Amino acid sequence: MSTLSTDEYDVLIFDCYGTLVDWQTAISSYWQSVLTKHDAHVTDEFLLSFHAQWEPVEQNAGGLYRDVLKRVMNRLGDRLAFTPSAEELDGFVDSLANSRPFDDSIEAIEKLKEHFELAIVSNTDLNLLQQTLNPFTVEFDYLCTADQTGAYKPTEEMMSQAMTLIGPDKRKLHVAQSLFHDIKPANDLSNDSVWINRDGDSGSNVWLSDAKPTWTYDDLQTFADEIVGD
């Protein structure tokens, strides 16, 4: 395996939710607050697994990501015998848009910005992604979202449009937490990839995949220190 180097790549392509920001905490915290009002009681693990199961189904059905989120929450209501209000559905969208950065994300991104162009390819709507990125102190050079492409990762359509936006001749390194949504399509494009394995030995709530990343790190700061230097 080769050594990571700033000389090998022009652009770092990130997933946002799960890689840069802690959307799992946003999902479980918000849903638990709603369930308490409806006298429904389940574990965080159940909620995250439910979301991971039904989000891709609703993405395949099409539409804006905010509508995908609402349909997933309506499915949760059906499962737990309650009907989410319009305010609760809107609140779920806002909770995802306001997902907080992981503790290492802002500093790591600042460090990487000094050496690379930065891109985000995300299964969300552009206005929601821009809201999520408010806490970050640097500007990303490229933002490619599902509402712009009309498709969701890991489809070839989504990734091909993203690569066209970023530039076909630029040397790209994919950095993401989801093997299924990001590492596999990166491999399919013959691009190097970095898996940020934030779930560690506890496993992941995203779809399973046998995709093999080029490199693996437990967090973003360790990756940044490795490729840029301490």
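# Why these labels?

Me: How many disulfides does the rule give here?
Reply: The count comes to 0 disulfides. A disulfide is a pair of cysteine sulfur atoms within 2.5 Å. This is a predicted model, in which local features need pLDDT of at least 70 and side-chain atom pairs count only at pLDDT 80 or more, while totals for chains, interfaces and linings use all residues. Residues are numbered from 1 along each chain as its sequence is written, and side-chain values use heavy atoms, with hydrogens and water left out.

Me: Does Cys16 count as buried or exposed, and why?
Reply: Buried means under 20% relative accessible area, exposed over 50%, and partly exposed in between (1.4 Å probe, protein chains only). Cys16 has 0% relative accessibility, so Cys16 counts as buried. Cys144 has 3%, so Cys144 is buried as well.

Me: Where is Asp39, and what stands out in its backbone?
Reply: Asp39 sits in the loop between α1 (23-37) and α2 (44-61). Its phi is positive, about 55°, although Asp39 is not a glycine. Helices (H or I, at least four residues) and strands (E, at least two) are DSSP runs, numbered from the N terminus.

Me: What makes Asp39 exposed?
Reply: Its relative accessibility is 60%, so Asp39 counts as exposed.

Me: Why does Ser190 count as exposed?
Reply: Ser190 has 65% relative accessibility, and therefore counts as exposed. Ser190 lies in the loop between α9 (179-188) and β5 (192-196). Its phi is positive too, at about 60°, and Ser190 is not a glycine.

Me: Which peptide bond is cis, with omega near 10°?
Reply: The bond from Lys153 to Pro154 is cis. Pro154 belongs to the loop between α7 (146-149) and α8 (156-166).

Me: How do α1 and α4 pack?
Reply: Helix α4 covers residues 86-97. The angle between α1 and α4 is about 160°, and their axes are 9 Å apart. Axes are lines fitted to C-alpha atoms, for helices over the stretch in contact, and angles run from 0 to 180 degrees between N-to-C directions.

Me: Why is α1 called roughly antiparallel to α4?
Reply: Angles under 35 degrees count as roughly parallel, over 145 as roughly antiparallel, 65 to 115 as roughly perpendicular and the rest as oblique. The angle is about 160°, and that makes α1 roughly antiparallel to α4.

Me: Which residues make the contact?
Reply: Contact means heavy atoms within 4.5 Å. From α1 come Trp23, Ala26, Ile27, Tyr30, Trp31, Val34 and Lys37. From α4 come Glu87, Glu88, Gly91, Phe92, Ser95 and Leu96.

Me: Why is Leu20 called buried?
Reply: Its relative accessible area is 0%, so Leu20 is buried. Leu20 lies in the loop between β1 (11-14) and α1. Not counting residues up to four places away in sequence, Leu20 touches several residues, including Phe14, Pro101, Ile120 and Leu220. Leu20 and Ile196 are 176 residues apart in sequence and 9.7 Å apart in space, C-alpha to C-alpha.

Me: How do you know that Gln221 is buried?
Reply: Its relative accessible area is 16%, so Gln221 is buried. Gln221 belongs to helix α10 (residues 220-228).
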